[in-house]
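Reader: I am new to this structure and would be grateful for a close look at one part of it, followed by an account of how the rest is arranged.

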Amino acid sequence: MKRPLSPRAIAAAERVLADVDGCTDPVATARLLPPEVYTSEDFWEFEKEAIFSREWLCIGHVNEIPQPGDQLPLTILDEPIVMLRDLTGEVRVMSAVCQHRGQPLFGGLAGEGRTPSSPCLNGRRMKCPYHNWQFELDGRLVAAPSMTETVPVKKLRETIRLPRIRHEIFHGLVFINFDDNAEPLAPSVRRMDEELSTFGLEELVAMPAVVYEDQKWNWKIHHDNALEPYHTSYVHRGVHEAAPAKNARFFDFEEGDGQIMHPTYLVDENAGLASTDGKRTTQIIPGLTEEQRKRVMFASIPPMLFSILQPTFVQLAMIHPTGPGSMNLRRVNLYPKSAVEEPGFHEAYEKFMERKQLAIHQDAVTTEALQQGLRSRYAPRGPLSWLESNIPQLNQWLIERYRKALTADV
C-alpha cells in the first residue's frame, strides 16, 4: 500500500537530486552522494517509499525453513512478516499481523524467550497470543474463540485471512516486494543469475543465523564498505591477505542492472578468507568452474542483500534498516551438505566464526565512525580510488530509483 510522502520528505529528495552531478561518472571523476542521503530523517522517509516499498527485498534462504511447518518470523521496516514452509513443502510469505486486533502473531507473550538469532518455529498452525485466533499455514482463519455471538467463525472465514506478500525465489534466496505491480526480479539480475548457476545455492545447508542489532550506520554505507576492496589492505590487515585488494577486478554497470558485484582473485586455490592460516578449511562447492575456484565474488542485490561467494561457502548478509543511521544485520552462511557432514566440520566452523568476528568488528568500528563523519559540516564528496569503482555503480542504482519515485509522487 502506497503511503503519501510529507512535503519535507519530497523537499529532501528534490534537494538531493539537484546535487548528484558527477555521482555516476567513471570512478576517476565520480563524486559521492550528498551526505544528507546517509543522515537525514526526511530523506529516510522518502527512501522508505522510493526503495523499500518498491524494490525486491531479500529476507532469507529456503533452507532456513527446511521442514514442513517451519516458520521464521521477521520484521522488515517495522512490518511483522513470516516466511514459512507449509505442510505440502511450499514456501510462503505473509503478514504476521493477526487480522482481529492487529497483534503480531509472534510478538507479545509469543515472543518471550526468543532472540533474533533463534531458529525457526515449527507447527501446523499460527496462533495469536492475544485472543487465540488461529490461522492455517496458507493464511486461512481456523479458529476465533467467543466470536459466535457476534460473527460466526464460518462467516469470518469467508473474508479473513493473513495477507499474502508477493515473493520470488531466486537460487534459493527468498525475496519479497510490497509493490504488487513491480517488475519481476530475475531479468534485472542476469549477471548474478549466471554467477549462481553453478553454486547449487538452493541445495546448500543454512547454518544458524547470527543477528547484530542496532548497528549505527546507514544501510548504503554497509553496501559501499562491503563492496569496495580499498579498505581491506588497512582495516583488515592480517585477515584479508588471501584475497588482496590489488587482485580486484570490476565489471561495467548498465542502466537497469539490479546487482553490483566484483571479483577479487585469491592468492592461490587453497586460500580462504578469515581462516586462521589463510587456507581454506572445507571442501570446494561441487560444480564450480575453474574460474570460480580462483576468486571470491562480492555481490549486492540492493537494498537488503550483500553476499560473498567463496569457493567453499556463501555468506549472506541481510540488511534491515531501522533509520537513517541505524540497522540490524542478519548473517547466514551456506555450505554444501557434503562439507557439513564431514568429520570435524563443526569444530572448523566454530574456529572460522571466531576469526570472522574480528573482521566484522573491524568493519563495525569503521562504518560507525564513517557515519559520524558524514554528519559533519565538513563531510567530503570524494575523490575515489579505482578500488572504489563499485561506489558510483551503487550511486547509479540509487539515483535511477530516486528519480523514478519522485516523478511518481510529485
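In what order do the three strands of the open sheet stand, and is their pairing parallel or antiparallel?

Author: The model is a predicted one. In the open sheet of three strands, the order is β6-β7-β8, and the pairing is antiparallel. The edges are taken by β6 (125-127) and β8 (141-143); each has a single partner strand, so one side of each is left without a neighbour in the sheet. On average, neighbouring strands of this sheet are turned by 35° against each other, direction ignored. Between β6 and strand β7 (residues 134-136), which run antiparallel, there are three bridges. Within β7, Phe135 is the residue that stands opposite Met126.

Strand β2 (residues 70-76) and strand β3 (residues 79-85) run antiparallel and are joined by six bridges. Leu72 has Met83 in β3 as its bridge partner.

Leaving aside neighbours within four places in sequence, Ile59 is in contact with Leu74, Ile76, Ile81, Met83, Val93, Val174, Ile176, Met304, Met318 and Arg330. The largest nonpolar core itself has 64 residues, of which Phe46 and Ile59 touch the most other members. Helix α10 (residues 390-409) gives the most to this core, namely seven residues.

Several residues of α9 are buried, including Phe345, Tyr349, Phe352, Met353 and Lys356. Further along α9, the buried residues include Ala359, Ile360, Gln362, Ala364, Thr367, Gln371 and Leu374.

The structure holds 17 salt bridges. One of them joins Lys220 to Glu47, with the closest N and O atoms 2.9 Å apart. Since Lys220 belongs to helix α6 (residues 219-227) and Glu47 to helix α3 (residues 41-52), the pair ties together parts that are 173 residues apart in sequence. Both Lys220 and Glu47 are buried.

Another salt bridge links Arg92 and Glu90, whose closest N and O atoms are 3.6 Å apart. Arg92 has 19% relative accessibility and therefore counts as buried, the cut-off being under 20%. Glu90, by contrast, is partly exposed, with a relative accessible area of 41%.

Glu195 forms a salt bridge with Arg295, and the closest N and O atoms are 2.9 Å apart. Because Glu195 lies in helix α5 (residues 190-196) and Arg295 in strand β14 (residues 295-301), this pair ties together parts that are 100 residues apart in sequence. Both Glu195 and Arg295 are buried.

How values were computed: Residues are numbered from 1 along each chain as its sequence is written. This is a predicted model: local features need pLDDT of at least 70, side-chain atom pairs count only at pLDDT 80 or more; totals for chains, interfaces and linings use all residues. Side-chain values use heavy atoms; hydrogens and water are left out. A nonpolar core is a set of buried Ala, Val, Leu, Ile, Met, Phe, Trp, Tyr and Cys residues joined through side-chain atoms within 4.5 Å. Buried means under 20% relative accessible area, exposed over 50%, partly exposed in between (1.4 Å probe, protein chains only). Helices (H or I, at least four residues) and strands (E, at least two) are DSSP runs, numbered from the N terminus. Contact means heavy atoms within 4.5 Å. Two strands pair if DSSP finds at least two bridges between them. Axes are lines fitted to C-alpha atoms, for helices over the stretch in contact, and angles run from 0 to 180 degrees between N-to-C directions. A salt bridge is a side-chain nitrogen of Lys or Arg within 4 Å of a carboxyl oxygen of Asp or Glu.
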